[in-house]
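Terms are given their cut-offs where they come into use.

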Amino acid sequence: MFDLPGSWVWDFWFADDGDRYHLFFLYASRALQDPDARHYRASIGHAVSTDLVEWTQVADALVRSDAPAFDDLATWTGSTLRHPDGTWFMFYTGSSLAPNGKNVQRIGYATSPDLTVWTKAPGPVLEARGPWYETLESEAWQDEAFRDPWVFPDPDGDGWHMLVTARAPEGPIDGRGVIGHAWSPDLRTWELRPPLSAPSHHGFGQLEVTQVEVVDGRPVLIFSCLADQAMPSRAATSGGTWAVPAANILGPFDIDAAYPVTDDSFYVGRLLRRRDDGRWMLFAFHHTGTDGGFVGGVSDPMPVGWDGDRLAILNAAASDGVPMSGRSQDESPGDGMRVLPTPFSA
């Protein structure tokens with residue numbers, strides 16, 4: 001696994017430059033003592049690997065800006081991709097506090113020629129706005145949820161799309177989580193569009209860290225949400241990472257059809273296709289420990305495939321890709337992911 005002895009590590013995402021895998025991750029010092037305090041101290045760290053097993057931590061990617069700025073409280077989860085001109089773009093969540101003390105989330109980006117040195121673009125490029133998205137004025141939620149940008153090219157070559165963790169302004173409070181949507185012709189300017197899902201009485205308060213991929217020929221959306229942030233009909237399932245079947249990577253997505261891929265011992269599942277054999281892997285961070293407390297640290301890669309109509313974690317020992325059965329999440333594949341010493345002075 002990837003972990004840091006002096007810090008909590010949680011949300012993360014990948015980039016693949018064709019030679020090395022890059023892991024970008026949120027982290028905050030354990031000197032805070034309370035793991036819940038980590039959110040307002042988050043920076044974006046960076047590690048590299050050639051095999052998804054051994055990782056070397058390198059210089060951090062981003063930290064919060066000086067006030068006043070849309071990211072003067074913390075820099076949160078995002079995604080990284082390469083423009084055809086060779087420029088790398090990192091889209092990320094900027095967090096700041098409103099006068100009433102509630103958290104406001106907006107989307108910004110930074111660019112890099114080499115995935116190492118990043119330059120922030122001035123100001124946010126997207127924020128929650130009516131009539132499609134809930135804002136602080138509704139006072140229905142603890143924050144203005146508009147975060148976790150997942151950016152990918154249009155399948156027909158028409159620009160780029162962004163999926164966002166957002167909320168609808170109407171519907172049951174714990175079922176208003178929707179897949180926010182925006183479109184861009186160039187990755188720099190963005191047009192806010194209607195959500196790709198609807199609020200539901202069988203839904204979730206928030207659909208965190210969305211990702212859409214075509215796994216072995218089938219489109220699938222994944223997101224994360226805990227049972228206490230979902231509608232009561234979901235309470236019996238200790239879900240962490242969820243999947244939604246899809247006919248198209250652009251939706252629309254039927255959130256009522258969501259099913260759990262992991263329990264709450266894992267959170268923020270990320271799909272990555274391994275370069276050497278084309279096999280799809282699921283990563284997540286360790287969320288809930290045996291004592292019920294927060295754990296942190298990125299999991300080992302877990303092979304995934306289709307069990308009928310559902311995406312499932314496979315038994316790593318099975319050469320034919322048999323779904324896991326009769327095996328706890330603590331026994332999930334792999335004990336070899338480890339961190340190499342940091343090659344620079346903090």
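A residue is called buried when its relative accessible area is under 20%, exposed when it is over 50%, and partly exposed in between, with a 1.4 Å probe and only protein chains considered. The model is predicted, so local features need pLDDT of at least 70 and side-chain atom pairs count only at pLDDT 80 or more, whereas totals for chains, interfaces and linings use all residues. Residues are numbered from 1 along each chain as its sequence is written, and side-chain values use heavy atoms, with hydrogens and water left out.

**Overall form**

The protein has 23 strands and 0 helices, where helices (H or I, at least four residues) and strands (E, at least two) are DSSP runs numbered from the N terminus. Its radius of gyration is 19 Å, close to the 20 Å of the globule rule for 346 residues, so the protein is as compact as a globular protein of that length; the radius is taken over C-alpha atoms, and the rule is 2.2 Å times the number of residues to the power 0.38. The C-alpha trace spans about 50 × 50 × 45 Å along the principal axes.

Of the 346 residues, 54% are buried. Among contacts (heavy atoms within 4.5 Å) with a separation of 6 or more, 53% come from residues 24 or more positions apart. The protein carries 25 positive and 47 negative charges, whose mean positions are 2 Å apart. In this count Lys and Arg are positive and Asp and Glu negative, while His and the chain ends are not counted; each charge is placed at NZ of Lys, CZ of Arg, CG of Asp or CD of Glu.

**Nonpolar cores**

In soluble globular proteins, nonpolar side chains tend to be buried together. A nonpolar core is here a set of buried Ala, Val, Leu, Ile, Met, Phe, Trp, Tyr and Cys residues joined through side-chain atoms within 4.5 Å. The largest such core has 41 residues, and those with the most contacts inside it are Phe2, Phe12, Leu23, Phe24, Phe25, Ile44 and Trp118. Two or more residues are given to this core by each of β1 (7-16), β2 (21-29), β3 (43-49), β4 (54-62), β5 (74-82), β6 (88-97), β19 (266-273) and β20 (280-286). Another core, of 21 residues, lies apart from it and includes Phe146, Ala182, Trp190 and Leu192.

Histidine 181 belongs to strand β13 (residues 177-184) and is buried, at a relative accessible area of 7%. Beyond its neighbours within four places in sequence, histidine 181 contacts Tyr133, His161, Met162, Leu192, Arg193, Pro194 and Leu196.

Valine 244, in strand β17, is buried with a relative accessible area of 0%. With neighbours within four places in sequence left aside, valine 244 is in contact with Val220, Leu221, Phe223, Phe253, Asp254, Ile255 and Ala258.

**Loops and backbone geometry**

| Cis peptide bond | Omega |
|---|---|
| Glycine 130 to proline 131 | near 5 degrees |
| Glycine 251 to proline 252 | near 0 degrees |

Proline 131 sits in the loop between β9 (126-127) and β10 (143-144), and proline 252 in the loop between β17 (241-245) and β18 (259-260). The loop between β9 and β10 also holds glutamate 139, which has a positive phi of about 55 degrees although it is not a glycine and counts as exposed at 65% relative accessibility. Leucine 115, likewise not a glycine, has a positive phi of about 70 degrees; leucine 115 lies in the loop between β7 (103-112) and β8 (119-120) and is buried at 1% relative accessibility.

Leucine 115 is also a contact of aspartate 17, along with His22 and Trp88, when neighbours within four places in sequence are left aside. Aspartate 17 itself is found in the loop between β1 and β2 and is partly exposed, with a relative accessible area of 30%.
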